[in-house]
Amino acid sequence: MLERLNQAMEHIESHLDQPIDVADLARMTAMSEYHFRRLFSALAGVPLSEYIRRRRLTVAGAEVLAGERTLLDVAVRYGYGSGEAFARAFRAVHGVGPGEARRTGAALHSQPRMSFRLIIEGSSSMRYRIVDKDEFRVVGKKARVPLVHEGVNPAIAEFVRGIGPETLARITALSDQEPAGIVGVSDQLDPSRAEGTELDYYQGVVTSAKAPEDMDVLAVPAGTWAVFENSGPFPQALQHLWRDVFMQWFPSNPYQSRPGPEILQVSVAQDGTQADAKLWIPVERAAA
């Protein structure tokens, strides 16, 4: 897998001045486009589209300072339809416009080219199981919230606090299958997984029961799920669980993620510092 990922990175590097088709990159790595985007974001710590944009503007910055092409030629070479669009993007990355950078020889920011290499970790085993599950519903309350990578998500915390105890009890009573009890469900995430992008968050249960009229419903088709378990500090251990799934488990197992909701079941200690968690990720067998 690492060799294929690095072939994709080489392709990006050699096509910075050309259109880059993510579907082509996914084929090079023998992954679905969906899984390739998610795996890249987890490994690189930045969405694929943002990495490509930063690399293009890094290389374009060097050409701006070199002064061998006009600014418009540089803009068109790296995919910008106008000097104004190029200037906006250039300033967003480098903090200075291309004209000023050329006149003053300003210091510019650089996005280093990435490659992937194996670091032997795996000193502790990851508990997981594979589950084939019939279609089901998530029933509860839904909110549109921003994605937060580290720490408590304040929008989710405020939303959950706003669900009254009576409503929560009614939702809990609908649970009739695994994962049992109240779960947090994330759906419709932006493919980039960028901080601040929005998702649908459900506080609800997994059930086959008919939903009350005042509840939100998410229908989930039948499929295969990988179920991961861990325990540790709350909420860091939960967020690190998702990271470790994509950085350690997927590269070592013959599965890839598929579109669908992610389900998190959490039991928090009374003092709020520790938690036990189960994370359900929709998966499919990877191509040989």
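Let me start with a rule: rings of Phe, Tyr and Trp (for Trp, its six-membered ring) pair if their centres lie within 6.5 Å; planes under 30 degrees apart count as stacked, over 60 as edge-to-face, and the rest as tilted. With that rule, ring pairs link Tyr-128, Phe-228, Phe-246, Trp-249, Phe-250 and Tyr-255 into a cluster.

Two notes on the source. This is a predicted model, where local features need pLDDT of at least 70, side-chain atom pairs count only at pLDDT 80 or more, and totals for chains, interfaces and linings use all residues. Residues are numbered from 1 along each chain as its sequence is written, and side-chain values use heavy atoms, with hydrogens and water left out.

Back to the rings. The count comes to 13 aromatic pairs. Take Phe-36 and Phe-40. Their ring centres are 6.4 Å apart and their planes sit at 45°, so this pair is tilted. Both residues belong to helix H3 (residues 33–44), four residues apart, about one turn of the helix. Helices here are DSSP runs of H or I, at least four residues; strands are runs of E, at least two; numbering starts at the N terminus.

Buried or exposed, then, for Phe-36? Phe-36 is buried, at 1% relative accessibility. Phe-40 is buried too, with a relative accessible area of 1%. Buried means under 20% relative accessible area, exposed means over 50%, and partly exposed is in between (1.4 Å probe, protein chains only).

Now Trp-249 and Phe-250. Their ring centres are 5.1 Å apart with planes at 75°, so that pair is edge-to-face. Trp-249 is buried at 4%. Phe-250 is buried at 0%.

Next, helix packing. The axes of H1 (residues 2–14) and H4 (residues 48–66) come within 10 Å and cross at roughly 40°. That makes H1 oblique to H4. Axes are lines fitted to C-alpha atoms, for helices over the stretch in contact, and angles run from 0 to 180 degrees between N-to-C directions. Under 35 degrees counts as roughly parallel, over 145 as roughly antiparallel, 65 to 115 as roughly perpendicular, and the rest as oblique.

Who meets whom? Met-9, Ile-12 and Glu-13 in H1 contact Leu-48, Tyr-51, Ile-52 and Arg-55 in H4. Contact means heavy atoms within 4.5 Å.

Last stop, Asn-153. Asn-153 lies in the loop between strand S2 (136–146) and helix H8 (154–161). Asn-153 is buried, at 11% relative accessible area. Leaving out residues up to four places away in sequence, Asn-153 touches Pro-146, Leu-147 and Val-148.
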